[in-house]
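This briefing is intended for a reader who is meeting this structure for the first time. Please have the sequence and the model in view while reading.

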Amino acid sequence: MAKIVFTLFSLALFLNANDIYENNCVSCHKSLPVSIDKYFYRYLLKYSSERSVKEAMTTYLNNPTKETTIMPEAFIKRFGVKKATKLNEEQLDKALDIYWDKYKVFGKLK
């Protein structure tokens, strides 16, 4: 019985964490012409490491500006700069961890 409760609890935590990313990131990006993975690769090309990418994304998502965006000027002119995230620090960290794990290329290249 304890194993079942632990398994359900773990599953609920995993699903809840994924909801943070799905509900707060994917849902908005669905309406943009650039898929969400393209942002990731732009950050990865510019910042390289997991730590640097997450720091840059955290900085931008908390205070988005034209000066700190990685998107081309034409994209910003057409769609503007996004609004600052409403996620708290812990939620944003979880969302970025999920995002990183979903699109990281390290360990996936053969």
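Predicted model: local features only at pLDDT ≥ 70, side-chain atom pairs only at ≥ 80, totals over all residues.

By the distance rule applied here, the count of disulfides comes to 0. C25 takes part in no disulfide, and the nearest cysteine sulfur, that of C28, lies 8.2 Å away.

**Cysteines**

- A disulfide is a covalent bond between the sulfur atoms of two cysteines.
- For C28, the closest cysteine sulfur is in C25, at 8.2 Å, which is too far for a bond; the rule requires the two sulfur atoms to be within 2.5 Å.
- C25 has a relative accessibility of 19% and therefore counts as buried, since the limit for that class is under 20%.

**Overall make-up**

- The protein chain contains 5 helices and 0 strands.
- In sequence order, the pattern of the protein chain reads α-α-α-α-α.
- Of the 110 residues in the protein chain, 27% are buried.
- When contacts between residues at least 6 apart in sequence are considered, 61% of them join residues at least 24 apart.

**Packing of α2 with α3**

- Two packed helices are described by the angle between their axes and the distance between the axes.
- Helix α2 spans residues 36–47 and helix α3 spans residues 50–62; the two pack at an angle of about 120°, and their axes are 9 Å apart.
- Because of this angle, α2 is oblique to α3.
- The crossing of α2 and α3 is right-handed.
- On the α2 side, the contact is made by Y43, L44 and Y47, while α3 contributes S52, V53, A56, M57 and Y60.
- By class, the residues of the contact of α2 with α3 comprise 7 nonpolar, 1 polar and no charged.

**Packing of α2 with α5**

- Helix α5 covers residues 89–103, and its axis comes within 11 Å of that of α2, the two crossing at roughly 90°.
- This angle is the reason why α2 is described as roughly perpendicular to α5.
- From α2, the contact involves I36, D37, Y39, F40, Y41 and L44, and from α5 it involves Y99, W100 and Y103.
- The contact of α2 with α5 consists of 8 nonpolar residues, no polar residues and 1 charged residue.

Methods
Residues numbered from 1 in each chain as written. Heavy atoms only, no water. Axes fitted to C-alpha atoms, helices over the stretch in contact; angles between N-to-C directions. Helix = DSSP H or I, 4+ residues; strand = E, 2+ residues; numbered from the N terminus. Parallel < 35°, antiparallel > 145°, perpendicular 65-115°, else oblique. Left-handed = near helix turned anticlockwise from the far one by under 90°. Contact = heavy atoms within 4.5 Å. Nonpolar A, V, L, I, M, F, W, Y, C, P; charged D, E, K, R; others polar. Buried < 20%, exposed > 50% of the residue type's maximum accessible area, 1.4 Å probe, protein only.
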